[in-house]
Structures are given as C-alpha cells and as structure tokens.
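Visitor: I would like to learn how to read the packing and the charge pairs of a model. Please take the features one at a time.

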Amino acid sequence: MISFKLFSENRESDSNISNKGLVFKDGELLLVKNLGNEYELPGGHQKIGELVIQGLKREIKEELGTDVISYKLRKLTPTRNFFDVDVDLNKIKLSDEHTDYIMCPINDYFKLNLSKKCKNDLKMLFFDKNSK
C-alpha cells in the first residue's frame with residue numbers, strides 16, 4: 001500500500017500531484033466529460049498532507065459518486081499517479097464538474113474530444129512502448 005504524504009504548511013491546499021483512476025469493464029475504459037466538453041480520466045489533485053490512496057479514493061468519490069472497491073497501482077510519474085480502480089458502475093452519480101461518462105474501447109480513444117492531459121496520459125499508458 002502506498003502510504004507516503006505530501007507536506008506543506010497549508011494542509012488543505014491542493015498539491016501538484018494528480019491521482020487518476022482507470023476504470024475498466026469488458027476491455028472498455030471509463031472516461032468522464034468535463035464542462036469544457038472534453039473527455040478525461042476521473043480523478044484529481046491530491047491535498048497536501050493527504051495519503052496518496054486517500055486522495056485517490058476521495059477524488060473518485062467526488063467525481064463518480066461511488067466508492068473505490070479495489071485499486072492497483074499502474075504507473076507513477078513525477079506529477080501523476082495512475083491506478084486501476086474497481087467501482088460499482090451501477091452507482092455512478094457524476095459531480096457538477098462533469099456532464100456525462102462513457103465506456104470507450106481502446107481503438108476509439110482518439111476519436112473522442114479528449115483533454116490535452118488525457119490524450120497524453122492515454123498515449124503514455126497504452127501506446128508508448130518505452131513507458132511500460
């Protein structure tokens with residue numbers, strides 16, 4: 001279990017670290033549509049002083065309205081942590097930050113209007129042979 005913390009004098013502020021959840025079902029990845037009409041991975045910034053897994057669980061709960069059932073680390077980068085996450089897809093209730101979600105097959109990722117960060121994340125995670 002990852003248990004390190006980020007420290008700062010202001011414990012409630014966001015850090016520069018994002019925790020992203022990769023939710024798969026039948027080979028399809030869940031993507032959420034933000035208010036800018038772009039698809040992205042669910043998750044967000046970790047709070048200063050928050051455990052990594054606490055931040056992941058909090059962000060998934062905030063964005064998808066459902067609890068993380070299980071998780072497994074997929075990849076760490078200097079500013080983004082990626083986890084395979086299991087959630088109850090029947091209990092998804094999106095936050096006000098998102099208008100919709102889809103389950104997308106890998107071959108269709110880049111047919112969508114992806115946020116720039118999401119596009120880079122998906123390329124790095126699934127298509128860049130040097131990053132595995």
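Guide: Start with contact, which means heavy atoms within 4.5 Å. Helices (H or I, at least four residues) and strands (E, at least two) are DSSP runs, numbered from the N terminus. This is a predicted model, in which local features need pLDDT of at least 70, side-chain atom pairs count only at pLDDT 80 or more, and totals for chains, interfaces and linings use all residues. Residues are numbered from 1 along each chain as its sequence is written, and side-chain values use heavy atoms, with hydrogens and water left out.

Visitor: Which elements do the buried residues of H1 pack against?

Guide: They pack against strands S1 (14-22), S3 (28-34), S5 (43-47), S6 (68-76), S7 and S8 (98-105). The chain has 2 helices and 8 strands, in the order β-β-β-β-β-α-β-β-β-α from the N terminus. Among contacts between residues at least 6 apart in sequence, 66% join residues at least 24 apart.

Visitor: How is "buried" decided, and which residues of H1 are buried?

Guide: Buried means under 20% relative accessible area, exposed over 50%, and partly exposed in between (1.4 Å probe, protein chains only). The buried residues of H1 are Val52, Ile53, Gly55, Leu56, Arg58, Glu59, Ile60, Glu63 and Leu64. Lys57, also in H1, counts as partly exposed because its relative accessibility is 39%. Leaving aside neighbours within four places in sequence, Lys57 is in contact with Val68 and Tyr71. Over the whole chain of 132 residues, 43% count as buried.

Visitor: What span does H1 have from its first C-alpha to its last?

Guide: The expected span of a helix is 1.5 Å times one less than its number of residues. H1 has 13 residues and reaches 18 Å, close to the 18 Å expected. Just after H1, Gly65 takes a positive phi of about 70 degrees.

Visitor: How should I read a salt bridge, and how many does the whole structure have?

Guide: Side chains of opposite charge can pair when their charged atoms come close. The criterion is a side-chain nitrogen of Lys or Arg within 4 Å of a carboxyl oxygen of Asp or Glu. A search of the whole structure finds 7 salt bridges.

Visitor: Which residues are linked with Arg58 in a network of salt bridges?

Guide: The network links Glu50, Arg58, Glu59 and Glu62. Glu50 and Arg58 meet at 2.8 Å, N to O, and both are buried. Arg58 also forms a salt bridge with Glu59, with the closest N and O atoms 3.0 Å apart. Glu59 counts as buried because its relative accessible area is 7%. Not counting residues up to four places away in sequence, Arg58 touches His45, Gln46, Lys47 and Glu50.

Visitor: Which parts does the salt bridge between Arg80 and Asp121 tie together?

Guide: The side chains of Arg80 and Asp121 meet at 2.6 Å, N to O. Arg80 lies in strand S7 and Asp121 in helix H2, so the pair ties together parts that are 41 residues apart in sequence. Both count as buried, because the relative accessibility is 13% for Arg80 and 5% for Asp121. Beyond its neighbours within four places in sequence, Arg80 is in contact with Ser18, Lys20, Lys75, Lys117 and Asp121.
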